[in-house]
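Welcome! Try each task yourself before reading its solution.

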Amino acid sequence: ELTVDKDITLSGTGDTILDGDDGTSDIAIFIESGSVTIEDLTIQGYGEEAIYYSPTPTADELELTVQDSTIVNNDASAIEVDADNIDANVNIDTVEARNNRAVVDVASVVGEVTVQQSEFISNWAGIEGNPTELTIDETTISRSSDWGVEIYQSELVSITDSTITDNGEDADEDNIYVDELPANSQVTIESVDASNAYDNGVSIVGPQATVSLSDIDTRSNGGVGLYVEAQSTTIEDVTSTSNGHVGVDVIAETSEIHDVDASENDGGITVEGSETEISEVDITPNDGEFGIHTIDLQSVMVENANIADSDESNIYVESSASKEEISIRDSSVRQSNSVDGINIQASSSSRIELSGITATGNADDGLSIIGGDATITDVEASDNGDEGIYIPSIRDVSISASTVTGNDEKGVLIEEIGTTTAISGSTISDNSGYDIENDAAQNVAVSD
């Protein structure tokens, strides 16, 4: 065991090996104090940690740097940092680590942990702990028995240009798991492959955090592709396909989800919170219940969505809020396997806009709407297994410039309205039941 108690640089030649003789020796390098740089070493075969950094308290900012080194076949962590709330920065640069317990195990560091241009393969875990700040860049973490990255209570997390895949052997073990985020914390993940985890590809939990996810590939995970609980979430340019549960699951006050492929999951996109904008999404086919499922949102905007083959509704807007603003535009909802193309269940004070919708070949209704004021324009609701447009209960509805043909039951079925229904400039024909059936007490105004 080499004990270090001062500022020092330990440099090898590239061929220098510290060998623990298959576990006969405990710790390779034990650092008690000081700022230390370790470079150009191979550390292997120790019974405990390869590098153990536990500095004594000091008024100075400390730093541990490990670079251009190989750490393999140690019984405990490759690098363990127990800084006990000391201000210390940890830099891992161009390190290869294999067959260790964890690679970087960081406890109570008030500072920044940076890992870059490194490769951690077949360890028990990749990076774990609770640093104040964590940056991972151009790094591969793969085939860990536990999590790839498991981080708690960090104020700033940045993971970029990295491959973090094939991690976990049991339930609740993800490629990337970030939890217990404090208020005003920020998480950024960009240009990352997070596929083939035993459970979720990416999990982030911080109800008061800001989360940004872009250019991410989360395929073939056993659980959810992306799971986020945050104050504000932005998800963009993501492929989240062939996962065991939904592709994207978000709980956030505000969320924006753009340019996402969430096909072939057990459900496409689920959102809870207050406001969401969803655009440019492809969920074809959807192998689960709902293509898009929004829950209790005050504002829902869906645009340019392409969804097919859901076991339930392709789009299901479920709300117990009031005065909701719901807009679905320029989207295709086709061939749901048991229910509707679009199913909206909103309050009597809601405002609903549906325009540029193609709702064809669904097992039940093309559109089913409960709500307040609804405007339906430029919609094709044809060849569905039940009604083209079904309105169980609504205050006011206007249907214009739409085509409703070839449905197995009625073209338009209205059961209850508050004040007015107007249908104009539309083609409603060749349906198996009545083209328009009004079961409400109020009249329906129909015009060319």
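**Exercise 1.** Find how β29 and strand β31 (residues 389–400) pair, and over how many bridges.

*Solution.* Start with the terms: strands are DSSP runs of E with at least two residues, numbered from the N terminus, and two strands pair if DSSP finds at least two bridges between them. β29 and β31 run in the parallel sense, with nine bridges. Within this pairing, aspartate 373 faces aspartate 396 of β31.

This is a predicted model, in which local features need pLDDT of at least 70 and side-chain atom pairs count only at pLDDT 80 or more, while totals for chains, interfaces and linings use all residues. Residues are numbered from 1 along each chain as its sequence is written, and side-chain values use heavy atoms, leaving out hydrogens and water.

**Exercise 2.** Which residues of β29 stand opposite asparagine 343 and arginine 351?

*Solution.* First take strand β27 (residues 342–345), joined in parallel to β29 (residues 367–377) by four bridges. Here asparagine 343 is opposite serine 368. Next, strand β28 (residues 351–360) pairs with β29 through five bridges, also parallel. There, arginine 351 is opposite aspartate 373.

**Exercise 3.** Classify the ring pair of phenylalanine 30 and tyrosine 52.

*Solution.* Rings of Phe, Tyr and Trp (its six-membered ring) pair if their centres lie within 6.5 Å; planes under 30 degrees apart are stacked, over 60 edge-to-face, and the rest tilted. These centres are 5.4 Å apart and the planes meet at 50 degrees, so the pair is tilted. Phenylalanine 30 belongs to strand β3 (residues 29–31) and tyrosine 52 to strand β5 (residues 51–53), 22 residues apart.
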